[in-house]
Amino acid sequence: MTYTKISLYTSNGIPEALSNLWYRTEGSVVEIQDAVEDAKNGKDLLRRLGGMKLLRRFTLDRENEQRVRLKSTDGFGNVSYLEIRK
């Protein structure tokens, strides 16, 4: 999948660092970029991210020709979105 931007933000629209997705050195932004580039669509991306050691688990929220948005809810009920703009 080709992309122009990868972003992580809260349900209120507040940007978060992609490094909030893993604990210490268990992952990197490059791994997420590779997963996005190798994915064929949103479901394939979800599968690839599920195989990584991320602190959050995502579900496919929306997918259209311009973007893929994945949703995550933590144990406290806080919602975050991982958005990939194509």
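Which residue stands opposite leucine 60 in strand 4? Leucine 70 does. The legends below set that pair in context.

**Figure 1. Overall view of the predicted model.** This is a predicted model, in which local features need pLDDT of at least 70, side-chain atom pairs count only at pLDDT 80 or more, and totals for chains, interfaces and linings use all residues. Residues are numbered from 1 along each chain as its sequence is written, and side-chain values use heavy atoms, with hydrogens and water left out. The protein has two helices and five strands. Both kinds of element are DSSP runs numbered from the N terminus: helices are H or I, at least four residues, and strands are E, at least two. Along the sequence the pattern reads β-β-α-α-β-β-β. The C-alpha atoms fill a box of roughly 30 × 30 × 20 Å along the principal axes. Of the 86 residues, 40% count as buried (under 20% relative accessible area, 1.4 Å probe, protein chains only).

Figure 2. Five strands are ordered 2-1-5-4-3, with antiparallel pairing. Two strands pair if DSSP finds at least two bridges between them. Strand 2 (15-16) and strand 3 (59-63) are the edge strands, and each pairs on one side only.

**Figure 3. Strands 1 and 5.** Six bridges join strand 1 (residues 5-10) to strand 5 (residues 79-85), in the antiparallel sense. Isoleucine 6 of this pairing faces isoleucine 84 in strand 5.

**Figure 4. The hairpin of strands 3 and 4.** Three residues lie between the two strands of this hairpin. Strand 3 and strand 4 run antiparallel and share four bridges. Leucine 60 and leucine 70 stand opposite each other here.

**Figure 5. Helix 2 on the sheet.** Helix 2 (residues 42-50) lies across strand 3, strand 4 (67-73) and strand 5. The helix runs at about 155° to strand 3. Angles run from 0 to 180 degrees between N-to-C directions, and axes are lines fitted to C-alpha atoms, for helices over the stretch in contact.

**Figure 6. The helix pair.** Helix 1 (residues 29-38) packs against helix 2 at about 145°, with the axes 9 Å apart. Ala35, Val36 and Asp38 of helix 1 meet Asp44, Leu45, Arg48 and Leu49 of helix 2. Contact means heavy atoms within 4.5 Å. By class, the contact has four nonpolar, no polar and three charged residues (Ala, Val, Leu, Ile, Met, Phe, Trp, Tyr, Cys and Pro count as nonpolar, Asp, Glu, Lys and Arg as charged, and the others, Gly among them, as polar).

Conventions
Buried means under 20% relative accessible area, exposed over 50%, partly exposed in between (1.4 Å probe, protein chains only).
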